[in-house]
Amino acid sequence: MQISFTKNPNPGKMPPEDKLGFGSVFSDHMFVMDYTDEKKWHNARIVPYGPIEINPAASVLHYANEVFEGMKAYRWADDSIHLFRPMENAKRINISAERIGLPEIPTDIFVEAVREVVKVDKDWVPHSEGTSLYIRPFLFSLDPELALHGIHEAKFMIILSPSASYFAEGIKPVKIMLETEDVRAVRGGTGYTKCGGNYAASNRAGDRAMAKGYSQVLWLDGVHRKYIEEVGAMNVMFKIDGKVVTPSLENGSILGGITRKSCLEVLRSWGVPAEERLLSVDELIGAAESGKLEEAFGTGTAAVISPIGELFYNNKKYTVNGFKIGPVAQRLYDELTGIQWGKKPDPFGWTECV
Ligand code: PLP
Ligand code: COI
């Protein structure tokens, strides 16, 4: 692919790395590529990071035709920069695009675009432990028409944000509230995709949880309001009576997380039993009450492995593992971050130097 390059004449400065939060500082450049039905994907370019012009009638602003990805670039001790399973993100953005009716992006072009923009802004990959360059590819429709119709014009962009942990708590346990009113996704809907609309539907419950001192909500399924699905920005895993259990993806209402998939592969390689199945809230709360809920944690690119120290459900608080990170979550965290930062062998071949 031909990618034109316009250098940023006013480069910014990385803030002190101990002040990095999540997703609020952006690097000097961004990747942009346009789509029309006639020209297909064209005009790939890396340009200075900055505002873009958009027609007020662009259909994304009215009908939320947008999908995105989340991935990271990691700086290793020898200063080389690595991606983690980028082809998985390339495949997933197309699964999301197909559901929303957005044009798909050839997977090799997606990965090349990520590599090239990260290479240009490699000085923005932070050095400190636990920090990385968060990569946000996103794709949206531009058709300037209010009638509901198919998408014929779109844009694909990648922006880069040097970031630390998603949760201010870092690897310390977070408090999560089970949501019993709103639902995030339904069977046949868009739950399995990474589309902006899913997050819009989640805002109200997330705000209510935060107002009560909880980091995010844990969703129940939209049909029975009975089965555990996932958290706002991560999948969930529980250790119940010696076994790791995570909700299965078959209903199509949960995002198939790349961290989730990687954790399952790692757990199975260790011989730790890991089940993907329906898990009802009654079973989960029953396990918490009987002392069989040994651990709870979230998995996600931004969240990495986030131990859950407290669950709130029907006005009751359930402390998990004495509000401490459990051994399985800690071991997974060490293994995954060890592979990502090149501190441990990568037997699965998951990391790729840019
Ligand atoms: N579930 C939701 C709703 C998410 O937003 C994320 C984050 O991307 C995940 C799960 C975890 O997915 P992944 O591990 O691919 O980052
Ligand atoms: C990610 O983990 O990459 C995400 O997209 C989470 C985001 C919703 C903050």
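Start with the largest pocket of this predicted model, where about 690 Å³ of space lies. To centre the view, select Tyr166, Tyr199, Gln216, Gly232 and Ala233, which are the closest to the pocket centre among the 36 residues that line it. A pocket here is an open set of points, on a 1 Å grid over the protein atoms alone, with protein on both sides within 12 Å along at least five of seven lines, and lining residues have an atom within 4 Å of a point. The grid points are joined across faces, edges and corners, and a volume is the space filled by probe spheres set on the points.

Next, colour the elements that contribute to this lining: β7 (132-141), α5 (203-211), β10 (216-220), β11 (228-231), α6 (258-270) and β15 (293-300) each supply at least two residues, and the largest share, four residues, comes from α5. Helices (H or I, at least four residues) and strands (E, at least two) are DSSP runs, numbered from the N terminus. Coloured by class, the lining of the largest pocket shows 16 nonpolar, 13 polar and seven charged residues, where Ala, Val, Leu, Ile, Met, Phe, Trp, Tyr, Cys and Pro count as nonpolar, Asp, Glu, Lys and Arg as charged, and the others, Gly among them, as polar.

Before moving on, note that residues are numbered from 1 along each chain as its sequence is written, while chains are lettered from A and ligands numbered from 1 in the order in which they are written. Local features need pLDDT of at least 70 and side-chain atom pairs count only at pLDDT 80 or more, whereas totals for chains, interfaces and linings use all residues, and side-chain values use heavy atoms, with hydrogens and water left out.

Now select Glu129, Gly130, Thr337, Trp341 and Lys343, which lie nearest the centre of the second largest pocket, a space lined by 13 residues and holding about 260 Å³. Helix α8 (residues 327-340) gives the most to this lining, with four residues, and the lining of the second largest pocket divides into four nonpolar, five polar and four charged residues.

The largest cavity contains about 140 Å³ of space, and of the 14 residues that line it, Tyr74, Phe84, Thr259, Thr301 and Gln340 are the closest to its centre. Two or more residues of this lining come from each of β5 (71-75), α6 and α8, with β5 giving the largest share, three residues. By class, the lining of the largest cavity has seven nonpolar, six polar and one charged residues.

For the salt bridges, of which the structure holds 23, select Arg92 and Glu69, whose side chains meet at 2.7 Å, N to O. A salt bridge is a side-chain nitrogen of Lys or Arg within 4 Å of a carboxyl oxygen of Asp or Glu. Arg92 lies in helix α2 (residues 86-100) and Glu69 in the loop between β4 (66-68) and β5, so the pair ties together parts that are 23 residues apart in sequence. Both Arg92 and Glu69 are buried, buried meaning under 20% relative accessible area, exposed over 50%, and partly exposed in between (1.4 Å probe, protein chains only).

Return to helix α2 for Glu88 and Lys91, which lie three residues apart, about one turn of the helix, and whose side chains form a salt bridge at 3.7 Å, N to O. Of this pair, Glu88 is buried, with a relative accessible area of 17%, while Lys91 is partly exposed at 43%. Then select Glu179, Glu181, Asp182, Arg204 and Arg208, which salt bridges that share partners join into one network.

Finally, pick Gly191 in the loop between β9 (174-178) and α4 (196-200), where Gly191 counts as buried at 0% relative accessibility. A distance drawn from Gly191 to Ala274, C-alpha to C-alpha, spans 23 Å in space, and the two are 83 residues apart in sequence.

Notes: On a 1 Å grid over the protein atoms alone, a cavity is a set of points where a 1.4 Å probe fits but cannot get out, and a pocket is an open set with protein on both sides within 12 Å along at least five of seven lines; lining residues have an atom within 4 Å of a point.
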